[in-house]
Amino acid sequence: LWIATDGQDALERLVQQRPDVILLDVRMPGMDGLEFFSRLHNDPTLAELPVIVLTSSILQPEDRAVLDGTSLIMSKSDLSSGTLMDAIDSVLRVDTGIGAV
């Protein structure tokens, strides 16, 4: 588990350590989640990483278009530790054929 301070920090860390799943906030300082997601998916070595997008905003159609290919988009207002763990488990199960342990 590691936490990046912003999108640029996350991209730099991904070179060193590849996570099983990325939890991505759409609104963050510096590089926002939409730009991060675009860069991630334009890199063939990272494009297949599962991403769960967390947002408190109502996403516009153009934002949803950028996030096409996201494993899951979740509203922060619906978020609890149980729903987040279920989402991670579901994404990992689909992506790898196994669940989180």
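Leucine 59 counts as buried, at 9% relative accessibility, where buried denotes under 20% relative accessible area, exposed over 50% and partly exposed the range in between (1.4 Å probe, protein chains only). The structure is a predicted model, in which local features need pLDDT of at least 70 and side-chain atom pairs count only at pLDDT 80 or more, while totals for chains, interfaces and linings use all residues. Residues are numbered from 1 along each chain as its sequence is written, and side-chain values use heavy atoms, with hydrogens and water left out.

Leucine 59 is located in the loop between β2 and α3; helices (H or I, at least four residues) and strands (E, at least two) are DSSP runs, numbered from the N terminus. Leaving aside neighbours within four places in sequence, leucine 59 is in contact (heavy atoms within 4.5 Å) with Val26, Arg64, Leu67 and Ile73. Leucine 59 and arginine 18 are 41 residues apart along the chain, and their C-alpha atoms are separated by 27 Å. The loop between β2 (51-55) and α3 (61-66) also holds isoleucine 58. Isoleucine 58 is exposed, with a relative accessible area of 75%. From isoleucine 58 to serine 75 the C-alpha distance is 8.6 Å, at a sequence separation of 17 residues.

Isoleucine 73, one of the contacts of leucine 59, belongs to strand β3 (residues 72-75). Its relative accessibility of 30% places isoleucine 73 in the partly exposed class. When residues up to four places away in sequence are not counted, isoleucine 73 touches Val53, Thr55, Leu59, Arg64 and Leu67. Isoleucine 73 and leucine 54 are 19 residues apart in sequence, with a C-alpha to C-alpha distance of 6.1 Å.

Two packed helices are described by the angle between their axes and the distance between the axes. Helix α1 (residues 7-16) packs with helix α2 (residues 33-41) at an angle of about 25 degrees, and the axes are 9 Å apart. The arrangement of α1 and α2 is therefore roughly parallel, given that angles under 35 degrees count as roughly parallel, over 145 as roughly antiparallel, 65 to 115 as roughly perpendicular and the rest as oblique. Axes are lines fitted to C-alpha atoms, for helices over the stretch in contact, and angles run from 0 to 180 degrees between N-to-C directions. On the α1 side, Gly7, Gln8, Ala10, Leu11 and Leu14 meet Phe36, Arg39 and Leu40 of α2. The residues of this contact comprise five nonpolar, two polar and one charged.

Valine 91 lies in helix α4 (residues 81-96) and counts as buried, at 8% relative accessibility. Not counting residues up to four places away in sequence, valine 91 touches Val21, Pro50, Ile52, Ser71 and Leu72. The C-alpha atoms of valine 91 and proline 50 are separated by 7.0 Å, although these residues are 41 apart along the chain.

Definitions and conventions
Ala, Val, Leu, Ile, Met, Phe, Trp, Tyr, Cys and Pro count as nonpolar, Asp, Glu, Lys and Arg as charged, and the others, Gly among them, as polar.
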